Amino acid sequence: MTTDGISTEKKIKRVTAVGLSANFFLTVFKILAGYFGNSQTVIADGIHSLSDSVTDIAVIVGSSFWSAPPDESHPHGHKRIETFITVIIGLALFFVAYGIGHNAVRTFNDPDEAPSYIALIAALISIIVKEALYQYTYYFGKNLKSLAVVANAWHHRSDAISSVPAALAVIISMKFPDYPYIDNIGALIVSLFIVWTAFKISWSSVLELTDAGADKAACESIECAAKGVDGVKSIHKCRTRKYGSGIQVDLHIQVDPEISVREGHAIGHKVEDELFKNHDVIDVIVHVEPFGEDGSEND
């Protein structure tokens with residue numbers, strides 16, 4: 001539950017519902033404007049907005065699952081569902097990009113007549129609306145620490161960016177009606193923008209699903225914080241892995257071998273408290289070992 005009494009799940013759904021409504025409007029508007037305005041690029045941009053609507057629905061439905069508390073079958077929680085949905089968003093973008101690019105190449109030698117003003121208006125409106133949606137969604141995604149919401153924000157940004165070459169292609173095609181294939185080139189450029197956005201969205205989540213560890217800077221920060229706890233002689237091993245917006249840590253600390261088990265246990269708890277307090281650590285296991293065995297004092 002958040003400080004204003006509204007759950008994170010409800011906030012995610014509220015933010016995403018705003019995007020869903022806007023995307024539905026833009027999808028219908030751009031596809032119709034592209035059709036009647038003779039612009040393959042704007043139709044492609046409309047299909048991109050349709051894919052945004054699909055991913056909005058995925059986030060709204062998925063948030064009910066990944067926000068659920070830990071249970072007997074998922075003792076560590078359900079955040080991997082969010083990571084999985086983030087990858088799905090990226091894959092959806094890849095397929096959209098392929099479809100747009102394939103159609104642009106297929107019809108390159110058989111272009112339609114030059115686009116009209118309604119296609120240009122649709123592209124310009126899309127740039128404004130989608131950039132506003134990006135700023136709105138990204139702000140809440142970062143504050144709610146939701147990877148899927150941030151990914152969805154970048155999906156909005158990709159639509160805004162892809163509308164720029166769409167608008168330029170329409171302008172150039174209108175200015176030079178003897179070169180209508182410019183619209184095909186614009187659609188192909190749109191598809192490349194979408195591919196890059198798809199990679200940016202999904203790659204970090206793919207790494208997380210393969211249990212990739214946190215980056216070197218984060219690991220060094222964790223080790224430094226643990227070493228700073230009174231009673232810790234050395235860090236023997238530190239293993240991490242990303243889990244949603246946080247980090248899971250498996251840490252081996254070394255303490256004076258002459259202290260009691262109770263004292264060693266207390267030091268371990270101090271290390272846990274320090275990591276929870278100063279880092280994006282959401283789960284930590286501390287193993288307490290005697291300092292000086294197996295030559296580990298030189299680690």
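**Entry 1: a valine and its surroundings**

I began with V271 and found that, once residues up to four places away in sequence are not counted, V271 touches A226, V229, V232, L251, I253 and V286. I note at the outset that I am reading a predicted model. I then looked up the largest nonpolar core, which has 21 residues, and saw that V271 is among the members that touch the most other members, together with V249, L251, I253 and L275. Tracing where this core comes from, I found that α7, β1, β2, α8 (261-278) and β3 each supply at least two residues. I also found a second, separate core of 20 residues, which includes I12, W66, I100 and A151.

**Entry 2: the sheet and the helix across it**

In what order do the three strands of the open sheet run? I read the order as β1-β2-β3, with mixed pairing. The edge strands, each pairing on one side only, are β1 (234-243) and β3 (281-290), and I noted that the twist averages 15° from one strand to the next.

**Entry 3: the cysteines**

I next checked for disulfides and the count came to zero. Where is the cysteine sulfur nearest to that of C219? It belongs to C238 and is 5.5 Å away, and C219 is in no disulfide, although C219 itself is buried, with a relative accessible area of 17%. Is C224 buried or exposed? I recorded C224 as exposed, because its relative accessible area is 55%.

**Entry 4: a serine in helix α4**

I moved on to S126, which has its place in helix α4 (residues 117-143), and I noted that S126 counts as buried because its relative accessibility is 0%. Which residues is S126 in contact with, leaving aside its neighbours within four places in sequence? I listed L26, K30, D45, D159 and S163. With S163 there is also a polar contact, made between the side chain of S126 and the side chain of S163 at 2.8 Å.

**Entry 5: two residues of helix α5**

In helix α5 (residues 147-175) I looked up H156, and I recorded H156 as buried because its relative accessible area is 1%. Leaving aside neighbours within four places in sequence, I found H156 in contact with G19, N23, D52, D56, K130, L133, Y134 and T137.

S162 also has its place in helix α5, and at 0% relative accessibility S162 counts as buried. How far is the C-alpha atom of S162 from that of A226? I noted a separation of 46 Å for these two residues, which are 64 residues apart along the chain. A226 was already in my notes as one of the residues touched by V271.

Definitions and conventions: Residues are numbered from 1 along each chain as its sequence is written. This is a predicted model: local features need pLDDT of at least 70, side-chain atom pairs count only at pLDDT 80 or more; totals for chains, interfaces and linings use all residues. Side-chain values use heavy atoms; hydrogens and water are left out. Two strands pair if DSSP finds at least two bridges between them. Helices (H or I, at least four residues) and strands (E, at least two) are DSSP runs, numbered from the N terminus. Axes are lines fitted to C-alpha atoms, for helices over the stretch in contact, and angles run from 0 to 180 degrees between N-to-C directions. A nonpolar core is a set of buried Ala, Val, Leu, Ile, Met, Phe, Trp, Tyr and Cys residues joined through side-chain atoms within 4.5 Å. Buried means under 20% relative accessible area, exposed over 50%, partly exposed in between (1.4 Å probe, protein chains only). Contact means heavy atoms within 4.5 Å. A disulfide is a pair of cysteine sulfur atoms within 2.5 Å. A polar contact is a pair of N or O atoms within 3.5 Å; within protein, one must be able to donate a hydrogen and the other to accept it, and residues adjacent in sequence count only if both atoms are side-chain atoms.
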